[in-house]
Amino acid sequence: MSVLIMNPSGVWLNGAVSQMFQLMAVVCLTCVVLKAIQLYWRRQKLLKIFKSFPGPPTHWLYGHLQKLQQDDELDNIASWTEQYPHCHPVWVGGFLGFLWINHPEYAKAVFIGSDLTSSFALCSSIGQGLLILHGPKWFQHRRLLMPGFHYDILKSYVTVMADSVRVMLVGTAVGTVLCSNLLVLLPDLRDFTYYQSNGQTDSDNLYIQTVMDLSLMVHLRIQTPLHHNHLVYWLSSQGRRFHKACRLAHHHTDKVIRERKEFLKDERQPEKIQRRRHLDFLDILLSAKDENGAGFSDEDLRAEVDTFMFAGHDTTGSGISWLLYCLALHPEHQQRCREEIKEILGDRDTMTYTTMCIKETLRLYPPIPFVARELGAPVTFVDGRTLPKGLNSFRTTCLYYSLQVFDPLRFSPENSAGRHSYAFLPFAAGPRWSTLNSIRRFS
């Protein structure tokens with residue numbers, strides 16, 4: 001005969017664990033329900049806003065993602081632009097939508113009355129630098145940074161730029177490589193635009209690759225609706241990869257700042273720094289002070305260095321690569337640019353035709369093809385339709401990307417005279433234009 005003895009404490013413990021799991025299940029279910037309600041009301045709100053703006057048919061769950069992920073993405077965008085010449089909604093999934101701006105008057109209204117965002121702030125982990133900041137902090141950073149964009153600083157780097165070009169030309173047969181495979185040349189030009197006088201190191205090359213990886217991961221996150229939720233993204237393998245890449249980029253930036261601080265310890269007097277032949281952006285960043293004597297915090301320093309290192313060399317390398325690609329495909333234009341540059345080395349002081357080729361390349365292959373904006377105030381368009389504060393919008397940098405013929409004369413003085421000032425915006429416009437244009441010139 002066996003006797004089963006029950007342990008009262010064990011029964012209580014099992015009951016407590018069971019209740020805890022039940023409570024957790026209820027909490028999780030409640031969170032899921034609340035999130036579903038939030039997404040539903042967000043969609044209903046966007047549908048109400050977009051009611052006055054007709055657009056292409058959309059799937060209730062995927063939105064327009066299937067049209068934006070295919071090889072004919074640009075063809076679809078061009079077709080939508082012709083069908084909806086002013087603007088139209090675009091849905092990234094079923095719950096995130098924005099207004100795609102096509103008409104220059106619409107673009108003007110949006111650029112003037114909005115703040116700049118970066119891919120819906122999904123990549124803000126890279127750093128809250130000048131391009132993402134807004135309000136008083138943005139104004140303070142801009143005021144401290146503007147001395148770094150003076151032309152006299154760039155003039156002192158002409159020799160450095162020339163040496164960098166020589167290094168690139170020695171290591172790369174540009175014409176041959178370009179005609180055979182653009183992808184071979186692009187990494188070389190990214191290295192070229194990330195030139196350092198002491199040569200490339202393994203750390204530098206790792207940083208360049210990390211920047212490329214981050215750009216791709218941001219793009220993939222935008223196209224994956226489930227990853228728009230921060231918690232879901234950080235728990236996913238893609239989110240962990242993104243977080244690791246951010247750490248690598250930040251580590252490299254911290255190293256650059258730390259080494260420069262050590263170097264400047266021997267030149268503490270501001271006048272000595274100012275007299276140095278190659279006064280660069282980081283020098284100004286470290287010595288910048290406002291009227292109260294306050295400079296950048298360590299966190300702000302890293303954010304601004306990340307912004308300019310991230311946005312500078314990669315976009316510049318891409319732009320130069322596509323320019324050389326276009327000139328390689330059109331030797332007649334290449335020859336005219338060569339002749340003009342030879343004249344520059346003589347008694348000529350302008351590069352009219354070369355500038356036209358650069359603009360035409362930016363029209364066809366812009367390094368930043370779309371600019372995201374978040375409305376800082378309600379906007380009323382010329383036709384009376386309105387958008388509320390806080391809505392996201394996207395704007396192509398050029399209204400003529402559907403014209404695939406490479407024709408630099410499109411940007412001749414006579415052809416440009418009647419063009420709307422907001423029709424071709426390779427470096428944005430509005431309150432943020434001076435910031436973006438300064439980055440372009442500095443790069």
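**Charged pairs, cysteines and buried residues in a predicted model**

The side chains of Asp 383 and Arg 385 meet in a salt bridge, with 3.1 Å between N and O; a salt bridge here is a side-chain nitrogen of Lys or Arg within 4 Å of a carboxyl oxygen of Asp or Glu. The model is a predicted one, in which local features need pLDDT of at least 70 and side-chain atom pairs count only at pLDDT 80 or more, while totals for chains, interfaces and linings use all residues. Residues are numbered from 1 along each chain as its sequence is written, and side-chain values use heavy atoms, with hydrogens and water left out. Asp 383 has a relative accessible area of 40% and is therefore partly exposed; the classes are buried, under 20% relative accessible area, exposed, over 50%, and partly exposed in between, for a 1.4 Å probe and protein chains only. Salt bridges that share partners also join Glu 360, Arg 363 and Arg 410 into one network.

In total, the structure holds six salt bridges. Side chains of opposite charge can pair when their charged atoms come close. Helices (H or I, at least four residues) and strands (E, at least two) are DSSP runs, numbered from the N terminus. Asp 254 is partly exposed at 30% relative accessibility, and Arg 302 is partly exposed with a value of 27%. A salt bridge is also formed by Lys 261 and Asp 298, with the closest N and O atoms 3.2 Å apart. This pair likewise links distant parts of the chain, Lys 261 being in helix H12 and Asp 298 in helix H15, 37 residues apart. Lys 261, at 34%, is partly exposed, whereas Asp 298, at 56%, counts as exposed.

Helix H15 (residues 298-329) also holds Asp 306. With a relative accessibility of 3%, Asp 306 counts as buried. The C-alpha atom of Asp 306 is separated by 7.6 Å from that of Gly 129, although the two residues are 177 apart along the chain.

Turning to the cysteines, a disulfide is taken as a pair of cysteine sulfur atoms within 2.5 Å, and by this rule the count is zero. Cys 31 is in no disulfide, and its nearest cysteine sulfur, that of Cys 28, is 6.4 Å away. Cys 31 is partly exposed, with a relative accessible area of 47%. Cys 337 is buried, at 4% relative accessibility.

His 227 is found in the loop between helix H10 (202-222) and helix H11 (230-235). A relative accessibility of 14% makes His 227 buried. Leaving aside neighbours within four places in sequence, His 227 is in contact with Arg 221, Val 232, Tyr 233, Ser 236 and Gln 238, where contact means heavy atoms within 4.5 Å.

Finally, an unreviewed UniProt entry carries the annotation "transmembrane region" for residues 20-41 and 165-186; UniProt positions follow the numbering used here, feature names are shortened, and annotations may be inferred rather than shown by experiment. In the model, residues 20-41 are 100% helix and 0% strand, and the end C-alpha atoms of this span lie 32 Å apart.
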